[in-house]
Amino acid sequence: MKRYLDVCRKLQKADLVLKNAKILNVFTKEWIEGDLAICDGRIIGIGSYVGVEEQDLSGRFVVPGFIDSHIHIESSMISPYAFSHTVLPFGTTTLIADPHEIANVSGLNGIRYMLKESENLPVSIYYMMPSCVPATPMESSGAILDAEDLQVLMDHPRILGLGEMMNFPGVLFGDPNVHAKLKVAGDKVIDGHAPGLKGDDLVAYAFSGIQTDHECSEMDEVLQRLRLGMAVQIRKGSAANNLYDIVSELVKTNLPLDRCVFCTDDKHIEHIFKDGHINSNIRESIALGIDPIEAICMATYYPARLYHLNKKGALAPGYDADLVIFDDLQAINPTHVMTNGNWQYIAGENVGSALLNNVDRRYEEIPGIFNSVNCDPIKEEDLVIPLVGNQAYVMGLIDFQILTSKLVCEVPTEAGHFKANETYSKLAVFERHHCTGQKGLAIIKNFNIRKGAIAQTIAHDSHNIVCVGDNDQDMVLAVNTLIEKQGGIVIVSEGKVVDHLNLPIAGLMSHLSASQVTDKLAALLAVAKTLGINDKIDPFLTLAFMALPVIPELKLTDRGLFDVGAFKHIPIQPE
């Protein structure tokens, strides 16, 4: 401490001084031209300093490292290690993740795995304890986490609170199990998930302790939450992108933005490579009219304060030396990224995260993480859908969306059974956690697969096996290959496995690097297109959401066809 104080008083040299920079002061909202001094990974101060090492920035901008306030790392299909090295070049130095995907497969051990595999990484990764495992009681997950389970890890120093509370009906109606989970969070942050919730119901939701929401899609939702003291996480992801609609309206108001923060929720790695990460949220917000300093604060100081990360989000004495350097205040393309006083990315140099293909296999054998596909091989008779007549409920896919319509259609039949064709495909979900043999079968329209099948273990939120195809033989081969490979994505056509991506980590994540997984997904997509699949849907993303019984109108779980509006399972044919 004496040395640090001497450096602060300029009696000793700092370890590193970044000279002649435009440094953002998030407290006074001003650019300060001068030097930034760093010692042992901590900020000393801004002013005029001498360092053991000095680097002239020639007027470049220096800002705190960017924070993603809500993300599911598992949805990237890569490990925490690989993901951290993927987002670093875009200036993201802190992630606040909800590991509910892996928790639905492996319970507390899944969360322990995520904690273990994110230790000592160049990006600081914090977690929220998943509040809704499973998302509903209408499906079979690998684990059930109640309040007592959550308490086991709630005091971990990198657990910041309770993850998105999707069960807002349980909150509003005082479900004792739901409120026991809210109580476990104590003084820590409780994240929300309440699309469309307004008025008195929203008041009750906020009164129960929920402090954030990333599901706002229109300005009225934003305004109502801000008036109640909630924080709004403005999302720019792959499946859901609400930034343009929200920010376009925010710039027309004089509202303070200190309760507005940025997140991605789920942004696929190929989209990160093309568009960036949180720097993309900043860039677009500036282009829409948000003051650049405010936009940067929404990615730095505001989320750090919201989640009580007291040494993050600012460049001030005693704060962590997490910082981003760039030339253009409109483009926000980092040239340098530092975390804990170490350069992790320098454009054009093989430093730290620039080595995207250098995957460190640090995987520890935690029970339930590997070999997580626990079910028996299936047979063709497991896929038979008997029909009386030819009228049936059909899941109608909507172009460019993960919603479905509840249709009643005249479907093709043969010998009293549904017969798939290029218009009406067969969808199947098989329980894969406890070898129960439970299955759900349904008919889906507008997927349009021909002469083949796709099966995968990514099936939100319980992540059972989901398979779509136009013939039973290929569907059987796809599912059984997936069981043999213990998770991933498998494409079959005309009796042959055409391509696959192994996801051995809980059936959700790969050992490969981000660039390797991106290349593999591109190859899989090219193969899928040869099967005639509707080009207005992403086949893998769409398939992943067909088993989620909280998104309208019809979905399929391992227990059967599910009517989301009625919130119950229904028979395949109208009664």
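E422 touches N448, I449 and R450, not counting residues up to four places away in sequence; contact here means heavy atoms within 4.5 Å. The model is predicted: local features need pLDDT of at least 70, side-chain atom pairs count only at pLDDT 80 or more, and totals for chains, interfaces and linings use all residues. Residues are numbered from 1 along each chain as its sequence is written, and side-chain values use heavy atoms, with hydrogens and water left out.

**Two loop residues**

E422 is found in the loop between β20 (417–418) and β21 (424–430). Helices (H or I, at least four residues) and strands (E, at least two) are DSSP runs, numbered from the N terminus. E422 counts as partly exposed because its relative accessibility is 45%. On this scale buried means under 20% relative accessible area, exposed over 50%, and partly exposed in between, with a 1.4 Å probe and protein chains only. The C-alpha atoms of E422 and N446 are separated by 8.5 Å, while the two residues are 24 residues apart along the chain.

M509 has its place in the loop between β26 (496–502) and α15. With a relative accessible area of 0%, M509 is buried. Not counting residues up to four places away in sequence, M509 touches E74, M77, I78, S79, P80, I102, Y113, M114, L503 and P504. A separation of 7.9 Å is found between the C-alpha atoms of M509 and S75, which are 434 residues apart along the chain.

**Strand pairing**

Strands of a sheet pair through backbone hydrogen bonds, either parallel or antiparallel. Two strands pair if DSSP finds at least two bridges between them.

D213 has V232 as its bridge partner in β12.

Helix α8 (residues 219–227) has M219, E221, V222, Q224, R225 and L226 buried. These buried residues pack against α7 (199–207), β11, β12, α9 and β13. Just after α8, G229 takes a positive phi of about 85 degrees.

Elsewhere, strand β1 (residues 14–25) is joined to strand β5 (residues 61–64) by two bridges, and they run parallel. The bridge partner of K22 in β5 is F61. β5 is also joined to strand β14 (residues 323–326), here by four bridges and in antiparallel fashion. P64 has L323 as its bridge partner in β14.

**The second largest pocket**

The second largest pocket has a volume of about 550 Å³. Of the 32 residues that line this pocket, H268, E270, D538, F540 and L541 are the closest to its centre. A pocket is defined on a 1 Å grid over the protein atoms alone: a cavity is a set of points where a 1.4 Å probe fits but cannot get out, whereas a pocket is an open set with protein on both sides within 12 Å along at least five of seven lines, and lining residues have an atom within 4 Å of a point. Grid points are joined across faces, edges and corners, and a volume is the space filled by probe spheres set on the points.

α10 (269–275), α15 (514–529) and α16 (539–545) each supply at least two residues of the lining. The largest share, six residues, comes from α15. The lining divides into 16 nonpolar, eight polar and eight charged residues, where Ala, Val, Leu, Ile, Met, Phe, Trp, Tyr, Cys and Pro count as nonpolar, Asp, Glu, Lys and Arg as charged, and the others, Gly among them, as polar.

**Backbone geometry**

| Peptide bond | Omega |
|---|---|
| V133 and P134 | about 0 degrees |
| H460 and D461 | about -10 degrees |

P134 has its place in the loop between β8 (124–129) and α4 (147–154). D461 lies in the loop between β23 (453–456) and β24 (465–469).

N120, a residue other than glycine, has a positive phi near 55 degrees. N120 is found in the loop between α3 (100–117) and β8, and counts as exposed at 75% relative accessibility. N371 is not a glycine either, and has a positive phi of about 55 degrees. The loop that holds N371 runs between β16 (342–346) and β17 (391–397). N371 is exposed, with a relative accessible area of 62%.
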